[in-house]
Amino acid sequence: MNSFLFHVILLAYLGATLLSWFHLALRQQRCLQVANGLLSLGFALHTAVLGSRLLSQSWRLEGNISDAMGLLAWAIIGGYWLAWWRYRIEALGAFLVPLAFLAVASSGVLATTVYPVPSALQHVLLVMHIFLAVLGYAALALTFCAGVMYLIQERQLKSRQPGVLLQRLPSLRVLDELNARALVLGLPLLTQGLITGSIWAKYARGSYLNWSLTSLPLLLAWVLYAFLVGGRYTWGWQGKKAAVAAVIGFLLVLASFFVHTL
Amino acid sequence: MAIVVVGVNHKTAPVAVRERLAVTPQDLAEPLQRFQHPAVDELVILSTCNRVEFYLEVDNTDAGGAACVAFMAAYYGLQQAQFVSHLFQWYDMEAVRHLFRVAASLDSMVLGEPQILGQVKTAYLAARAAGRTGTILTQLFERALGVGKLIRHATGINDHAVSVSYAAVELAKKIFESLQQRTVMVVGAGDTAELAARHLRRQGVATVFVANRTMERAVKLAQALHAKAIPWESLSEHLVYTDIVISSTSAPQAVISKTMVQEVMRARKGRPMFFIDIAVPRDIEPTVNTLDGVFLYDIDALEHVVEANRRERQREALAAEELVWREVRQFQQWLETRDAVPTIVALRQYAEKIRTAELDKTLARLGPLDERQRRLIEALTTNMVNKFLHTPTVNLKRSSRHERLRDYVELVRSLFELDT
């Protein structure tokens, strides 16, 4: 990414992060407005940067971790706007935008080494894998935030000593619904990402799976999420259970991601 | 030209005195018309269940205040001694600050209550309809209404529930988001339970059940609430379909146990439930709160929430007081322009603008002149303007002595359009 634009986007996301924290703490509408403004700016620039790269390379993307992280940040902010459009949760930014900021920041420091792709098919698979996985991760980041917020709010209500956060976080029902909806989006994406990833692995390394540190937590996470989706309707796994599962699932995903990159 | 407020409120007078002085909004026209006094130029009467206040614009504060007290005695048919000790009087900026605080609900019994703003508006409109408002009180009350609205938006002063039933509704909304399709069950009977149920109804709750050991009492309460009375034995069955339970029986022991709720939650597939236990001794086993998805608030817990909200309102009130001070200072600045000196200055500036414009135009047309000619022409214009303005200026300055200042200032400012 062009260095100047990269820094602008990075700063925009950082500014939005700090301002959403201020808004959570002080409840000043001005903070939220500026935060959203910065996010719009950053997102627009980000979209433009990604779009121009796609076009300039005639849709021949390269697969490297740095780009994947950049794409992840973009998808997370896209998810934020989706959630804003549907639910307008004022506190969401404070939890979600820092993740996007970290993703962009890490895209600046991570290796831009490209995986060797001897064949066109492998290339397509790799790109699809990254694309689907990243979108899936973004949706799961949303469930993670919804889960964290749910657990905080549930704590406030259970303790019967409501603190300031009670008013600033949305209702349990909205948070639970956000969790469920984002999961319905994220799980299929993650599944397809895993499938394409393992097909690519077969071509590149000769086996569909390797039970390495990378894949194990990821598979565990997938199983957890799958149970969560099914369990919600059959066993009533909603509310606190769903929130805890969403948090654990995402932490597993993160763990596998870090191992993957290092 | 001064502002005075004379009145009683819930801090200075008991309700027995306040009710003698109260005037309903419909009847405001009468005292507004009847209170005519040479010292009183403008008048607004504000009368609510917590205060009766006369806002006056007067030329002389002592005369105005005394006239008001005399009128109150005459109009209400009271001896001055009966109410004078309960009266408060504020002048000028203190009076302005008082009105702004009242409009912002900072002076109300319940900080942040919403009705006062409408009541202030009614009082102002009644006075305007009776033709008793002039420039000063019009501006004062328009500003006061603006301040009330501003503080409502800029601070959280009316955000949090400060009564038990409102607090219950607020908590329910934090669990269920919307109460529109929720089901409520009232277990037992009692005023508080009924009030809370009514509140929830007003928020759009769809179904209400009533359960009581005595079927007749259940039916009676159900009728009052447009609810469905259910047999006591089917309590736990119906709980499965209930989201919010208000319990208020006179039973000496718990009527809703942890095991009962556990089974209910299993049948509900974990959908959340909100229990409000207002009974003493408590109706619901406290350990119920440990169950996932169940939130149990007894009367103490609700009072706790109300107390925390009250403190939050107090904090917001500090911010509101700051805003009020700022508005008072702005009003003071406006008031000062209504005085003689700024008006005279504005008038002179207006004249000077015309003088210099015409002078420049003429000098340009005349072509080259020598120094003496030029100075003579300049002197002509200056002297004309000064002589012309001399008499009005002197009279404006003198008018404060014979109490026509306000009228003269108004007249001059509007005739010469000095405010545009």
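In what order do the elements of chain A run from the N terminus on? They run α-α-α-α-α-α-α-α-α, and the secondary structure of chain A amounts to nine helices and zero strands, where helices (H or I, at least four residues) and strands (E, at least two) are DSSP runs numbered from the N terminus. This is a predicted model, in which local features need pLDDT of at least 70 and side-chain atom pairs count only at pLDDT 80 or more, whereas totals for chains, interfaces and linings use all residues. Residues are numbered from 1 along each chain as its sequence is written, while chains are lettered from A and ligands numbered from 1 in the order in which they are written.

Chain A is divided into domain 1 (1-114) and domain 2 (117-262), with bounds that come from an automatic or database domain assignment. Between them, 21 residues of domain 1 of chain A are in contact with 19 residues of domain 2 of chain A, contact being counted if the C-beta atoms of two residues, placed from the backbone, lie within 7 Å. On the side of domain 1 that touches domain 2, the elements giving two or more residues are helix H3 (65-87) and helix H4 (92-109) of chain A, and H3(A) gives the most, with 10 residues.

Turning to the other chain, 15 residues of chain A are in contact with 18 residues of chain B. The elements of chain A that give two or more residues to this side are helix H5 (120-159), helix H7 (172-205) and helix H9 (240-261), of which H7(A) gives the most, with three residues.
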